[in-house]
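Have a look at it before reading on.

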Amino acid sequence: MAKTMTLRLTDEQAAMLELVARADDQSLTEAVRVAIDAHIAERRRDKDFKERLQRRHQEESALYERLSR
């Protein structure tokens, strides 16, 4: 399953992305997917991020619990 999203870039970002995609023989879509995958992988290695994610999960779990009563 895939989700279609709209992404707003500056003219410079769009031009740079197009150059990167062409240099890597990729479509723009594939270049964006690769960049997103790399960003997510980087976040998963970040201890501080993982701690913030855990706190957010705990806070939201508590809210869901209260809402479902």
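## Pocket and helix packing

The largest pocket has a lining of 14 residues, and K3, M5, T29, V32 and R33 are the ones nearest its centre. A pocket here is an open set of points on a 1 Å grid over the protein atoms alone, where a 1.4 Å probe fits, with protein on both sides within 12 Å along at least five of seven lines; lining residues have an atom within 4 Å of a point. Bear in mind that this is a predicted model, where local features need pLDDT of at least 70 and side-chain atom pairs count only at pLDDT 80 or more, while totals for chains, interfaces and linings use all residues. Residues are numbered from 1 along each chain as its sequence is written, and side-chain values use heavy atoms, leaving out hydrogens and water.

The volume of the largest pocket comes to about 420 Å³, taken as the space filled by probe spheres set on the points. Helix α2 gives the most to this lining, with six residues; helices are DSSP runs (H or I, at least four residues) numbered from the N terminus. By class, the lining holds eight nonpolar, three polar and three charged residues. Nonpolar covers Ala, Val, Leu, Ile, Met, Phe, Trp, Tyr, Cys and Pro, charged covers Asp, Glu, Lys and Arg, and the others, Gly among them, are polar.

Now for the packing. Axes are lines fitted to C-alpha atoms over the stretch in contact, with angles from 0 to 180 degrees between N-to-C directions.

| Helix pair | Axis angle | Axis distance |
|---|---|---|
| α1 and α2 | about 95 degrees | 9 Å |
| α2 and α3 | roughly 85 degrees | within 5 Å |

α1 is therefore roughly perpendicular to α2, a label for angles of 65 to 115 degrees. L17, E18 and A21 of α1 meet L28, A31 and V32 of α2, where contact means heavy atoms within 4.5 Å. That contact has five nonpolar, no polar and one charged residues.

α2 is likewise roughly perpendicular to α3. Here R43, R44 and R45 of α2 touch K47, F49, K50 and R52 of α3, a contact with one nonpolar, no polar and six charged residues.

D25, in the loop between α1 (11-23) and α2, has a positive phi of about 50 degrees without being a glycine. D25 is exposed at 73% relative accessible area, the cut-off being over 50% with a 1.4 Å probe, protein chains only. L67 belongs to α3 (residues 47-67) and counts as exposed too, at 69%.

Note on methods. Helices (H or I, at least four residues) and strands (E, at least two) are DSSP runs, numbered from the N terminus. Buried means under 20% relative accessible area, exposed over 50%, partly exposed in between (1.4 Å probe, protein chains only). Angles under 35 degrees count as roughly parallel, over 145 as roughly antiparallel, 65 to 115 as roughly perpendicular and the rest as oblique.
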